Amino acid sequence: MAVGLVGVVLPVLPGLVLVWGAGLWWVIADGGGVGRWIVLALMTALFVIGALTKYILPARATAGRGVPWPSLAIGLACAIVGFFVIPVIGLLIGGVLGVYVAELVRLGDHRTAAATTWAAIVAFGVGVLVELFAGVAMAAVWAVGELVF
């Protein structure tokens, strides 16, 4: 589970999937039991809520600030390229640079492009915090389940 929580912060690993997978392994490896399956069901609900909210909140925040999805898609593509050019930190550098250049081309103004890029960065941060909260909540549900069952 700890590796999954690290994966939330460092977007190299699928964080919530790893936390949920650890919970599934906990249930299956110990033979299950009703209580453990209930814990996994709660973890699954938190996983779904966290995964959906991770994308819904930032999308609304960026749309409200005028960042269109094509700029975000270009940022995503540049983040992937950046990851391979400069491992790990290139993901962030490429993503920010991609959104900024796309917005600069779209708007033609440095200040406005910088403002909308900042809105995209903040939205991404909100998404990471939502995912981290969901992962910690999943781990807490598991910890309580481990003590009780």
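Student: Which helices each supply at least two residues of the lining of the largest pocket?

Tutor: In this predicted model, they are helix H1 (2-9), H2, H3, helix H4 (69-85), helix H5 (89-107) and H6. The largest share of that lining comes from H6, with 8 residues.

Student: What volume does the largest pocket have, and which residues are the closest to its centre?

Tutor: The largest pocket holds about 1,100 Å³ of space. Of the 36 residues that line the pocket, Lys 54, Tyr 55, Leu 76, Ala 79 and Phe 124 are the closest to its centre.

Student: How is the lining of the largest pocket divided into nonpolar, polar and charged residues?

Tutor: There are 27 nonpolar, 7 polar and 2 charged residues in the lining.

Student: Why are H3 and H6 called roughly antiparallel to each other?

Tutor: The axes of helix H3 (residues 34-64) and helix H6 (residues 110-148) cross at roughly 170° and come within 8 Å. Angles over 145 degrees count as roughly antiparallel, and H3 and H6 are therefore given that description. Their contact has 18 nonpolar, 5 polar and 4 charged residues.

Student: How many aromatic pairs does the structure hold, and what makes the pair of Trp 26 and Trp 142 edge-to-face?

Tutor: The structure holds 2 aromatic pairs. In the pair of Trp 26 and Trp 142, the ring centres are 6.4 Å apart and the planes stand at 80°. Centres within 6.5 Å make a pair, and planes over 60 degrees apart count as edge-to-face, so the pair is edge-to-face. Trp 26 lies in helix H2 (residues 15-29) and Trp 142 in helix H6, so the pair ties together parts that are 116 residues apart in sequence.

Student: How do you know whether Trp 26 is buried or exposed?

Tutor: The relative accessibility of Trp 26 is 8%. Buried means under 20%, so Trp 26 counts as buried. Trp 142 has a relative accessible area of 27%, which lies between the 20% and 50% limits, so Trp 142 is partly exposed.

Student: Why is the pair of Phe 83 and Phe 84 called edge-to-face?

Tutor: Their ring centres are 5.3 Å apart and their planes are at 80°. The angle is over 60 degrees, so this pair is edge-to-face.

Student: What makes Phe 84 count as exposed?

Tutor: Phe 84 has 64% relative accessibility, and exposed means over 50%, so Phe 84 counts as exposed. Phe 83, at 24%, is partly exposed.

Terms used
Residues are numbered from 1 along each chain as its sequence is written. This is a predicted model: local features need pLDDT of at least 70, side-chain atom pairs count only at pLDDT 80 or more; totals for chains, interfaces and linings use all residues. Side-chain values use heavy atoms; hydrogens and water are left out. Axes are lines fitted to C-alpha atoms, for helices over the stretch in contact, and angles run from 0 to 180 degrees between N-to-C directions. Helices (H or I, at least four residues) and strands (E, at least two) are DSSP runs, numbered from the N terminus. Angles under 35 degrees count as roughly parallel, over 145 as roughly antiparallel, 65 to 115 as roughly perpendicular and the rest as oblique. Ala, Val, Leu, Ile, Met, Phe, Trp, Tyr, Cys and Pro count as nonpolar, Asp, Glu, Lys and Arg as charged, and the others, Gly among them, as polar. Rings of Phe, Tyr and Trp (its six-membered ring) pair if their centres lie within 6.5 Å; planes under 30 degrees apart count as stacked, over 60 as edge-to-face and the rest as tilted. Buried means under 20% relative accessible area, exposed over 50%, partly exposed in between (1.4 Å probe, protein chains only). On a 1 Å grid over the protein atoms alone, a cavity is a set of points where a 1.4 Å probe fits but cannot get out, and a pocket is an open set with protein on both sides within 12 Å along at least five of seven lines; lining residues have an atom within 4 Å of a point. Grid points are joined across faces, edges and corners, and a volume is the space filled by probe spheres set on the points.
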